[in-house]
Amino acid sequence: MTREDIAEVLDNIALLLELKGENVFKTRAYKNGAEIVRSHEPDVVKLAKDNQLNNVAGIGKALQEKIIELTTTNKLEFYENLRTEFPPSLFELFDIQGLGPKKIKALYDKLNIDSVEALKSACQDNSISSLRGFGTKTVDKLLHAIELREKFASHFRLGDVAVMAEILLDAVHAHPSTLRCCHAGSYRRSKEILHDIDILAATTAPAELTQYFSQLEEVEEVIACGDTKASVRLANGLQVDLRAVTNDAFPFALQYFSGSKEHNVAIRQRALKNGWSLNEYNFTAKEGATPPPTIHEEADIYKALGLDYIPPELRENRGEIEAAENGSIPRLVTLENLRGTFHNHTTASDGKNSLEEMAEAAIELGLEYLGIADHSKASFQANGLYPERLLKQVDHIKSLNKQWEGSFRLLAGSEVDILKDGSLDFDDSILAQLDYVVASVHNAFTLPEKEMTKRIIRAMENPHVTMLGHLTGRLLLRREAYAVNVDKIIDCAAETGTIIELNCNPRRLDMDWRHWKNAREKGVKCAINPDAHRLEQLQFLAFGVRLARKGWLTKDDVINTKPLNDILDFLNIQ
DNA sequence: GCCGTTTTCGGCCCGACTGTTTTCAGTCG
């Protein structure tokens with residue numbers, strides 16, 4: 001049972017308790033517990049096994065017992081009993097916008113509606129209007145929400161929304177009443193998966209701005225439009241929220257709407273200790289408390305609370321507040337710090353551009369080196385190279401390098417397949433002729449966790465392997481990560497000096513940001529690699545940097561911030 | 001259900017928006 005499994009059980013308990021009409025704080029405690037289980041370091045599964053759960057804030061006696069029962073028996077009696085009270089299909093109703101626990105319970109109790117399908121019929125034959133609180137507008141909205149659910153996913157990848165997020169921010173910026181504006185929410189925090197885009201604006205005419213925003217040509221549908229807030233939907237189903245506030249409230253609103261919720265709860269608690277209540281508009285001093293200082297910028301809020309500025313990417317309540325308190329917030333890596341990158345493909349395997357074109361694009365981006373790592377022969381679906389073609393490519397790279405005379409360099413590598421037993425797709429004698437080696441898993445995804453972990457560790461123990469490619473093989477919103485013990489891989493990387501890749505293809509973003517803080521603390525280095533299959537994809541580096549920042553990584557933690565000469569030394573290349 | 005330098009009881013973030021409920025409940029973030 002993984003931490004994610006446990007978190008899901010706790011989340012489900014919270015939903016079931018809500019349906020039962022339990023105390024909201026009790027349900028909140030379960031939801032909160034689920035979040036803690038997802039993100040706590042070290043892993044609560046390990047803590048439970050070592051009987052070390054008693055010092056985790058937010059996990060009290062009752063949740064401790066439940067987590068221990070889950071880790072030892074893979075079951076939870078309390079949960080099993082609770083589940084018998086409602087049909088499992090009821091959960092899907094929580095996906096419908098506009099339906100919460102109260103309404104779902106009413107639908108179930110009064111009309112026996114237990115699924116989206118049943119809800120749809122009840123809306124269509126209008127039997128639903130007999131319920132108090134379900135007027136004609138509600139029925140229309142529910143039908144619309146059901147349609148949306150069928151048509152669109154409710155989650156989007158960062159890389160799929162970034163362009164639109166920037167276009168809409170520009171549009172808000174262009175309105176004459178806008179004084180300043182910024183993204184907020186999970187986009188600002190660089191989450192890899194988003195539910196919506198949040199934009200915050202300081203304006204002298206809030207109602208005008210929300211009107212203007214809801215009428216932009218990119219807007220497909222207006223969900224809500226009030227005097228200070230507008231919610232719209234774009235053609236691809238993505239929801240975008242705009243908040244319009246005064247210039248004085250802007251820093252507070254920016255802090256508030258950037259989240260995360262967990263971070264804000266902790267920040268508010270801290271404010272309360274000073275006798276100040278903090279909301280999206282201001283500090284309010286309670287009676288007898290020292291008056292809060294004047295706030296001009298978001299950073300002033302953190303300063304007022306005795307904290308260093310916390311970059312938005314870190315605001316997940318994963319230790320950033322403690323770090324800000326004791327002055328140990330890391331100076332996070334930036335895109336400008338990158339000097340080169342590894343793991344890119346060419347037409348030799350499944351890339352769309354030649355060596356020359358990729359090199360030119362890298363130079364254009366200001367990089368000093370570009371690593372070429374085409375697939376190895378076992379990846380026949382990707383036109384993987386046999387040794388002969390690989391060595392020919394190495395020669396080609398050597399001859400191309402002459403023209404740049406040290407100002408730029410192509411590095412000759414390979415993305416070699418880790419075979420099912422952990423051996424590599426090329427002999428050591430071939431690997432020894434390369435500048436570096438990326439080792440990746442491309443088949444046998446269904447191995448049990450122990451075997452998969454052993455397989456990857458065996459590959460890492462090969463001294464020719466420089467770095468590990470896309471550690472878990474996940475494809476966001478498409479394919480689950482394969483079963484692998486990431487903590488063990490990190491430990492092995494620390495021992496063997498193997499670099500772990502942060503694959504910045506927005507469909508992968510693998511290894512996950514949640515593991516990097518741990519990896520960094522153990523001294524494991526990161527390579528931010530675009531895994532570019534065409535020259536435009538070198539731009540993926542920007543997503544990689546965003547996620548590296550989210551993983552607390554500094555310039556020193558990222559190997560490809562090193563200038564060319566240092567990299568040549570590091571790789572032992574003449 | 002969790003938590004504690006006012007506390008082991010009594011708090012726990014709260015404002016915006018919508019619809020229908022004519023004074024507020026439910027949902028959302």
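User: What should I know before we start?

Analyst: This is a predicted model, so local features need pLDDT of at least 70 and side-chain atom pairs count only at pLDDT 80 or more, while totals for chains, interfaces and linings use all residues. Residues are numbered from 1 along each chain as its sequence is written, chains are lettered from A and ligands numbered from 1 in the order in which they are written, and side-chain values use heavy atoms, with hydrogens and water left out.

User: OK, how many salt bridges are there?

Analyst: The count comes to 29, where a salt bridge is a side-chain nitrogen of Lys or Arg within 4 Å of a carboxyl oxygen of Asp or Glu.

User: Which residue does arginine 3 pair with?

Analyst: Arginine 3 meets aspartate 43 in a salt bridge, 3.3 Å from N to O. Arginine 3 lies in helix H1 (residues 3–19) and aspartate 43 in the loop between helix H2 (24–39) and helix H3 (44–49), so the pair ties together parts that are 40 residues apart in sequence. Helices here are DSSP runs of H or I with at least four residues, strands are runs of E with at least two, and both are numbered from the N terminus.

User: Are those two buried or exposed?

Analyst: Both arginine 3 and aspartate 43 are buried. Buried means under 20% relative accessible area, exposed over 50%, and partly exposed in between, with a 1.4 Å probe and protein chains only.

User: And what about arginine 38 and glutamate 4?

Analyst: They form a salt bridge too, with the closest N and O atoms 3.1 Å apart. Arginine 38 is in helix H2 and glutamate 4 in helix H1, so this pair links parts 34 residues apart in sequence. Arginine 38 is partly exposed at 22% relative accessible area, and glutamate 4 is partly exposed at 38%.

User: How about arginine 157 and aspartate 160?

Analyst: Their side chains meet in a salt bridge at 2.9 Å, N to O. Arginine 157 counts as buried at 14% relative accessibility, whereas aspartate 160 is partly exposed at 47%. Elsewhere, salt bridges that share partners join Glu4, Asp11, Glu35 and Arg38 into one network.

User: Switching topic: where does isoleucine 199 sit?

Analyst: Isoleucine 199 is in strand S4 (residues 196–203), and it is buried, with a relative accessible area of 1%. Leaving out residues up to four places away in sequence, its contacts include Leu168, Val172, Phe213 and Leu242; contact means heavy atoms within 4.5 Å.

User: How far is isoleucine 199 from isoleucine 430?

Analyst: Their C-alpha atoms are separated by 52 Å, and the two are 231 residues apart along the chain.

User: And serine 414, buried or exposed?

Analyst: Serine 414 counts as buried at 0% relative accessibility. Its place is in strand S12 (residues 409–417), and beyond four places in sequence it touches residues including Ile372, Asp374, Phe426 and Tyr436.

User: Where is threonine 228?

Analyst: Threonine 228 is in the loop between strand S5 (219–225) and strand S6 (229–234), and it counts as partly exposed at 39% relative accessibility. Leaving aside neighbours within four places in sequence, threonine 228 is in contact with Thr210, Leu242, Arg243 and Ala244.

User: Last one: where is glutamate 357?

Analyst: Glutamate 357 lies in helix H16 (residues 355–364) and is partly exposed at 36% relative accessible area.
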